[in-house]
Amino acid sequence: MRAALLEEPRPVAERPLRLGEIPDPVAAPGELVLRVAACGVCRTDLQLAEGDLTAHRLPIVPGHQAVGRVESVGEGVTGWAAGDRAGVAWLGGTCGTCGFCRSGRENLCPGARFTGWDRDGGYADRIAVDAGFALRLPPGFADLAAAPLLCGGVIGYRSLRVSGIQPGGRLGLYGFGASALCAVQVARHWGCEVFVCTRSQAEQQRALDLGAAWAGGYDDLPPARLDAAITFAPVGDVVLAALRALERGGTVAINAIHLDRVPEFSYDLLWWERSLRSVANFTRGDAQEFLALAAAIPVRTATEVFPLEQANTALARLAAGEIHGAAVLEM
Ligand SMILES: [Zn+2]
Ligand SMILES: [Zn+2]
């Protein structure tokens, strides 16, 4: 089958992915093999390709927002049949027995395995997935529209939960990529007042179009104190900008697997029970909850579609901030 392989991380300008042929995956016991229709391109894929996120193994097929149809079913799998549509996301497996797994916090499992990092991902014609971690997708979304929901959407939703935002509250979003695009729609559905800070004027306009009350740059202070904020940019200065805008008792949720640094800051910014929290992965519960909500709202995603052969181009455009909405590879 065709696959875009990362053999050696390097700058995106040097086209780190190599398109090649690799053997088809085989469904081991407990697994499904899907024929991939579409796979979203995430900033995490870019960080892995460039080496900002250390590879767990090489070569690896990146991609953790795959939508496809079941082609073969491994021994012992129940509930899935050939032809069923399924989604594959970042959380590819957990130990199932540790304290985190047994207390509804499988996102923190030390034995967790991740799609496109520990296991081959969706930048390929086929993908093998642990059947317990394959996600059922609501029928309202076409394959290309469903793919970006599987990372940006789900993690955006978990970030909303971690931020503690309540219906009707004042929420700040710092950065306005694929994940924030989903989060703003959920927050508006909850009746929140949303304030968006992002460098790009086009993104500021898009935020206003999606119902944001206000949009400005990272250095602009929103016109009201925020009950909660989520930062999406992998930049510590942005975390401090969010903290500066926060109301007493509020939380900044950092939606980033990799941050350049956390700058030193005055304790006054944190005083009055303000909190800083990171957002790590998601649980299968988050994913199913978000997908049902996304279908009910419904959450709309803008996508820019690339053929698999142009995976390097998609990464380069993402790096340059040129993607409007979400980049998706179509197989
Ligand atoms: Zn565990
Ligand atoms: Zn992702």
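**From one loop to the whole chain**

Modeller: Setting aside residues up to four places away in sequence, Ala302 touches His324, Gly325 and Ala326. The model is a predicted one. Ala302 belongs to the loop between α8 (284–296) and β15 (303–307). Ala302 counts as partly exposed because its relative accessibility is 40%, a value that lies between the limits of 20% for buried and 50% for exposed. Ile323 stands 21 residues from Ala302 in sequence, and the two C-alpha atoms are 9.7 Å apart in space.

The loop between α8 and β15 also holds Pro298. The peptide bond that joins Ile297 to Pro298 is cis, with omega at about -20°. A cis bond is also found from Leu58 to Pro59, where omega is near -5°. Pro59 is placed in the loop between α1 and β4.

The zinc ion (ligand 2) is coordinated by Cys42 through SG, His64 through NE2 and Cys151 through SG, at 2.0 to 2.2 Å. Along the chain, the donors of this zinc ion (ligand 2) are spaced as C-x21-H-x86-C. Cys42 sits in the loop between β3 (31–41) and α1 (43–50), while His64 sits in the loop between α1 and β4 (66–73); the pair therefore ties together parts that are 22 residues apart in sequence. His64 is buried, since its relative accessible area is 1%. Cys42 is buried as well, because its relative accessible area is 12%, and the limit for buried is under 20%.

Cys101 is buried because its relative accessible area is 16%, whereas Cys95 counts as partly exposed because its relative accessibility is 35%.

The next subject is the sheet. Six strands make up an open sheet with parallel pairing, in the order β11-β10-β9-β12-β13-β14. At its edges are β11 (214–216) and β14 (275–278), each of which pairs on one side only. From one strand to the next, the twist averages 15°. Within this arrangement, strand β9 (residues 170–174) is paired with strand β12 (residues 226–231) in the parallel sense, over four bridges. Leu171 has Ala228 of β12 as its bridge partner. Helix α7 (residues 236–244) packs on the sheet and touches β9, β12, β13 (246–254) and β14; the direction of α7 makes about 155° with that of β13.

Trp272 is partly exposed, since its relative accessible area is 40%. Glu273 is likewise placed in the loop between β13 and β14, and its phi is near 60°, a positive value in a residue other than glycine. Glu273 counts as exposed because its relative accessibility is 70%, and exposed means over 50%.

The largest nonpolar core comprises 96 residues, and the residues with the most contacts inside it are Leu32, Tyr123, Leu173 and Phe290. Helix α5 (residues 178–189) gives the most to this core, with seven residues. Another core lies apart from it; this one has 20 residues, including Phe195, Cys197, Trp214 and Ala256. Returning to Leu32, its contacts beyond neighbours within four places in sequence are Ala27, Val70, Ser72, Val73, Val77, Trp80, Ile127, Ala128, Val129, Ala131 and Ala134.

Conventions:
Residues are numbered from 1 along each chain as its sequence is written. Chains are lettered from A and ligands numbered from 1 in the order in which they are written. This is a predicted model: local features need pLDDT of at least 70, side-chain atom pairs count only at pLDDT 80 or more; totals for chains, interfaces and linings use all residues. Side-chain values use heavy atoms; hydrogens and water are left out. Buried means under 20% relative accessible area, exposed over 50%, partly exposed in between (1.4 Å probe, protein chains only). A nonpolar core is a set of buried Ala, Val, Leu, Ile, Met, Phe, Trp, Tyr and Cys residues joined through side-chain atoms within 4.5 Å. Helices (H or I, at least four residues) and strands (E, at least two) are DSSP runs, numbered from the N terminus. Contact means heavy atoms within 4.5 Å. Two strands pair if DSSP finds at least two bridges between them. Axes are lines fitted to C-alpha atoms, for helices over the stretch in contact, and angles run from 0 to 180 degrees between N-to-C directions. Donors are N, O and S atoms within 2.8 Å of the metal (3.2 Å for Na, K and Ca); water is not among the atoms, so sites may look incomplete.
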